[in-house]
Amino acid sequence: MYVVSYFTDAEEALHLAYSHDGEEFATVNGGRPVLRGTVGTGRLRDPFIGVGPDGLFHLLATDGWTSPRIVHATSADLVTWSAQELLPAMADVEGALNAWAPEFFLDRGTGLYHLIWSSVVEAGGTAEGRDFEHVGQNHRIWHCTTGDFSTFSAPGLFFDPGHSVIDATVRELDGGGFLMAYKDERGTNDLATAHKDIHLTTFKTPGGPYTDSAGPVTPSVVEGPSIFHRGDEMVMIFDHYLEGRYGAARSKDGVDWEPASLALPQGMRHASVLETPLPTSLPPR
């Protein structure tokens, strides 16, 4: 089963859809939110769901445009959720202005889970008066580690290619190592930009070294990539955020990508795809 978590511009809350074939996705709860934010700014943007060391589904979400904290909650069935909490993320980093698009992945070599997100850090900087929604900022990918989602390491830089990047997502490769997709955040929000597209890199060990960037592997202007396995191929979805639609690509090897077609919910923003063999109580309703 494939479960897509997303938010919409109308409802900055957790929405879900699911599919048995990875091609056609049915919305849950008639496309209405299944969980609303109760902490921080009350927003749940860029929701990501993965399975933690306790076997529970763990939700991470962006707590608004300028919060240095990350929303976290757990569920056994994707229906009933624990009380939400705010993870510190960048709260203790001087000059940190935000913490966007949090995700996590497991490093089987160490047994640690790596939380990754994008942040702007400027000495003496302030988020007040900045237009984060429309004007690009100088982001890098940050991370911390945890073995239990109760205690976390201090945050540190995870990926810095020398220019602004956001929306990193990591998948473990069958032959070992990891594939990371991310958005090159340089450029402007118009259809003539030279960037604002998705690139790829690989690494053996979290934190690098990284292979040379490959791409772009998507058109521009897009963001919010998410990668999942479907049969013997990988599928990447990405948000055409200026056009209000989603695009997709597929690859046999993670190197060469070609356009793909999926039936995804209308109005979906910054979605993540969870592959789960576990039965869930998510009939469309």
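I looked up the largest nonpolar core of this predicted model, and found that it holds 17 residues, among which Leu 14, Leu 16, Ile 49, Leu 78 and Trp 81 touch the most other members. I then checked which elements give two or more residues to this core, and they are strand E2 (15–19), strand E5 (57–62) and strand E6 (70–75). The largest share, three residues, comes from E5. I note for context that nonpolar side chains tend to be buried together in soluble globular proteins.

Next I looked up the secondary structure, and I find zero helices and 19 strands in the protein. The radius of gyration is 17 Å, close to the 19 Å that the globule rule gives for 285 residues, so the protein is as compact as a globular protein of that length. Along the principal axes, the C-alpha atoms fill a box of roughly 50 × 40 × 40 Å.

I also checked burial and contacts: buried residues account for 55% of the 285 residues, and of the contacts between residues at least 6 apart in sequence, 48% join residues at least 24 apart.

The accessible surface is about 12000 Å², with 49% of it belonging to carbon and sulfur atoms. I record 19 positive and 38 negative side chains, with the centres of the two sets lying 3 Å apart.

Definitions and conventions
Residues numbered from 1 in each chain as written. Predicted model: local features only at pLDDT ≥ 70, side-chain atom pairs only at ≥ 80, totals over all residues. Heavy atoms only, no water. Helix = DSSP H or I, 4+ residues; strand = E, 2+ residues; numbered from the N terminus. Rg over C-alpha atoms; globule rule 2.2 N^0.38 Å. Buried < 20%, exposed > 50% of the residue type's maximum accessible area, 1.4 Å probe, protein only. Contact = heavy atoms within 4.5 Å. Areas by Shrake-Rupley, 256 points an atom, 1.4 Å probe, with all protein chains shown as cover. Lys, Arg positive; Asp, Glu negative; His and termini not counted. Charge placed at Lys NZ, Arg CZ, Asp CG, Glu CD. Core = buried A, V, L, I, M, F, W, Y, C linked by side-chain atoms within 4.5 Å.
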